[in-house]
Amino acid sequence: MKVKFKAFAQFSVVALLAAACTSDPDSAGLEYMPDMYRSPAVEPYVDYGEVRGQINDEFKMRRSAMVPPRYAIPYWGTDSATVHTLLPYHRMPGRLFAETHGLYQYDLSSNEDADYEYKMAAADVNPLKLTSQEVADKIFAEGKALYQVNCNHCHGEKGDGEGPMVKSGAYTGAAVLSGLTIAEGQMFYSIYYGKGMMGAHASLLNKKEIWTLVHYVRKFQDQKYGTFDANGAQAWGTMAVAVDTTAKK
Amino acid sequence: MFRSIKQWCIGALSTVFVVGAFDSFAQVDGGALFKAKCATCHSPHKDGTGPKLFKVREKWASEGAKEGSIYLWVANWNAAAAADPYAKKVSGLKSTAMNTFPDLAGKTEEIDAIFNWVDEQPDPAAAVATGDAGAGAGAVGEVEEDGLSWVWILMGVVFAVIIMAVGGVRRQLRNATREHEGHAVNDELSFGQEFKAWAWKYKRYVGLGGLVIVMSLIVSLFLSLYSIGVLEDYQPSQPIEFPHDIHAGKNGIDCKYCHNSADNGKTAGIPTVNVCMNCHKQINGNTPEQQEKIAKIYAAAGYDPATQKYSGKTKEIIWNKVHVLPDHVYFNHQQHVVAGQVDCKQCHGDMTKMNETAKVQPVSELNKIEGNVPLTKATLTMGWCIECHAEKEISSGSLDSKGSNYYNEIHNRLLKDRKLYNKFLEDKKITVKELGGWECAKCHY
């Protein structure tokens with residue numbers, strides 16, 4: 001009899017342990033008032049296939065975060081200086097960008113020369129002007145923060161194309177930014193629509209941020225860029241490298 | 001066995017590298033030239049924007065190119081295409097036109113140095129193939145650990161069956177002995193009656209045992225009540241088993257590159273497939289498991305790695321949301337990341353070491369991370385939020401040092417009310433709570 005009790009006790013302990021240890025990582029656990037977790041109010045990344053017990057097959061396994069409608073312009077406030085820098089980019093991606101960079105959501109340039117718009121971009125100038133040391137320092141500080149997040153892992157801290165991804169051997173061929181021989185408008189175009197292996201960054205950065213980065217990249221090429229001499233005049237000249245627009249087909 | 005092969009491989013590789021290095025010291029540094037001029041589009045063993053360059057001179061020679069036309073091509077492909085029909089054919093291979101390199105015109109020695117360097121590069125795909133099986137064995141171990149609780153349940157069932165069977169046999173044996181001794185067979189006593197008699201006989205032990213069981217049931221009931229609505233350890237399965245440690249750890253990608261709206265939106269954002277493709281257009285995986293996962297990205301992006309073209313036929317990758325808050329709570333990433341300058345790891349843990357899919361890290365794990373405010377309440381509960389609001393300092397010095405307009409404004413108003421300011425500074429720090437972080441309407445409205 002005693003043996004039987006012992007066995008029973010053992011069994012119940014094992015059963016209790018098993019019940020306690022079985023936790024399904026896929027289950028969010030018991031919720032009270034589940035309607036508070038999946039309310040009818042639309043939030044991004046929530047599955048609305050079931051709301052308050054109502055099943056809606058149309059919304060099942062569909063994300064609620066959506067791409068804005070085509071040609072929609074985001075609202076950037078009423079500061080005209082800011083709004084001006086954030087108006088839609090007037091240059092179109094080249095004829096082949098849909099195939100090479102997956103840019104199917106854009107109207108492509110119809111020009112036979114796939115690089116036509118890129119060449120034209122050489123004439124674009126940075127709308128963010130470095131008017132004084134204070135303004136320049138602010139732009140470079142912002143540029144550095146943006147660079148750390150968006151560019152550093154490939155192009156490297158010093159713009160030498162030796163970012164952590166390249167050093168780890170995962171990626172090869174990040175452009176050496178300090179040795180770039182393209183105009184600043186073309187830098188913008190390349191960041192916005194991508195170039196070569198690099199994809200388009202238009203979905204990650206707005207126009208103001210890209211122009212800020214262009215300032216920061218030019219600093220790699222010319223240490224004097226964005227510095228002012230004792231009289232408050234610009235200490236840097238025009239771009240040191242000649243812009244070669246004939247290099248492309 | 002694997003280890004020795006691996007070591008041998010590393011040895012062989014380093015020998016190749018050393019020999020290569022000596023070669024290039026002797027002449028022009030082909031590696032440096034390659035990195036500066038070619039690497040953006042070409043790689044030794046992988047087709048990229050431009051074709052792979054491994055043994056390209058031999059390839060051109062064997063496929064009937066005119067002698068020397070490859071050197072002409074490198075400097076100015078237009079001129080080469082005009083002079084050599086093979087080069088003309090090559091110019092149609094890729095949709096992106098090659099850059100011209102006027103500085104390399106006529107510099108056969110330098111171009112040869114580049115090609116020599118390229119030909120010396122070992123194929124990374126071949127090196128990986130040998131070290132592959134080790135990773136597979138690790139995965140099997142994990143699966144076994146996962147099924148452990150089921151083993152316990154199975155063992156319990158087996159035990160129960162054995163106990164029942166032994167009980168039955170015992171009963172029959174006892175009846176048989178009774179019959180043998182001439183007593184009446186006591187068959188009408190059921191299991192229940194027998195148990196009753198047994199329980200009465202050992203009432204002290206049974207009572208004690210019963211008390212323990214009842215107490216533990218009550219305790220577990222309350223514990224399970226406490227766990228209602230607590231998401232700790234929630235780790236939903238994902239369409240792609242994404243290893244954060246490789247991306248954010250080994251490759252040093254900033255959290256905010258992919259979770260791009262963390263500093264300007266309510267949600268941190270799940271990266272769209274085009275962000276994945278910014279790197280994965282080139283990186284297609286070294287092991288079969290990696291290639292399988294990355295193939296899912298290609299399928300979603302409508303990208304064909306063989307032709308290196310997008311088809312425009314995209315489909316969605318549907319990720320499961322991990323950190324779910326009830327809708328009566330307002331949480332904003334921008335507020336915490338920009339104004340509050342809270343590091344991601346305070347709430348999400350150290351993702352640079354997280355090999356599994358994302359999960360709600362239990363607070364005990366979060367507390368282990370250096371620089372985190374230590375907390376006691378379960379992750380993603382209200383207690384956890386307000387505990388941090390009470391602990392987290394706005395800044396150790398002046399409020400201005402945070403460089404955020406939000407706190408500057410509060411600071412300016414505080415300076416007009418020295419009494420309140422000094423009260424706040426009694427404990428030598430200003431917390432979020434003191435600046436209104438415990439107001440109900442901050443998060444509930």
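**Figure 1. Chain A of the predicted model follows, along its sequence, the pattern α-β-β-α-α-α-α-α-α-α-α.** This is a predicted model, in which local features need pLDDT of at least 70 and side-chain atom pairs count only at pLDDT 80 or more, whereas totals for chains, interfaces and linings use all residues. Residues are numbered from 1 along each chain as its sequence is written, while chains are lettered from A and ligands numbered from 1 in the order in which they are written. Chain A has nine helices and two strands, where helices (H or I, at least four residues) and strands (E, at least two) are DSSP runs numbered from the N terminus. Of its 249 residues, 30% count as buried, a residue being buried if 20 or more other C-beta atoms lie within 10 Å of its own, exposed if 12 or fewer, and partly exposed in between, with C-beta atoms placed from the backbone. Among contacts in chain A between residues at least 6 apart in sequence, 47% join residues at least 24 apart; two residues are in contact if their C-beta atoms, placed from the backbone, lie within 7 Å.

**Figure 2. The side of chain A that touches chain B.** The contact takes 61 residues from chain A and 66 residues from chain B. On the side of chain A, the elements that give two or more residues are helix H1 (2-21), helix H3 (97-101), helix H5 (133-150) and helix H7 (164-167), and H1(A) gives the most, with nine residues. By class, the residues of this side of chain A divide into 35 nonpolar, 17 polar and nine charged, where Ala, Val, Leu, Ile, Met, Phe, Trp, Tyr, Cys and Pro count as nonpolar, Asp, Glu, Lys and Arg as charged, and the others, Gly among them, as polar.

**Figure 3. Helix H2 (residues 30-38) of chain B is mostly covered.** Chain B has 23 helices and two strands, and 22% of its 445 residues count as buried. In H2(B), seven of the nine residues are buried, namely Gly30(B), Gly31(B), Leu33(B), Phe34(B), Lys35(B), Lys37(B) and Cys38(B).

**Figure 4. Helix H15 (residues 273-280) and helix H16 (residues 288-301) of chain B pack at an angle of about 125°, with their axes 10 Å apart.** H15(B) is therefore oblique to H16(B), since angles under 35 degrees count as roughly parallel, over 145 as roughly antiparallel, 65 to 115 as roughly perpendicular and the rest as oblique. Axes are lines fitted to C-alpha atoms, for helices over the stretch in contact, and angles run from 0 to 180 degrees between N-to-C directions. Val273(B), Cys276(B), Met277(B) and His280(B) in H15(B) meet Ile294(B), Ile297(B), Ala300(B) and Ala301(B) in H16(B), and this contact has seven nonpolar, one polar and no charged residues.

Figure 5. Most residues other than glycine have a negative phi.
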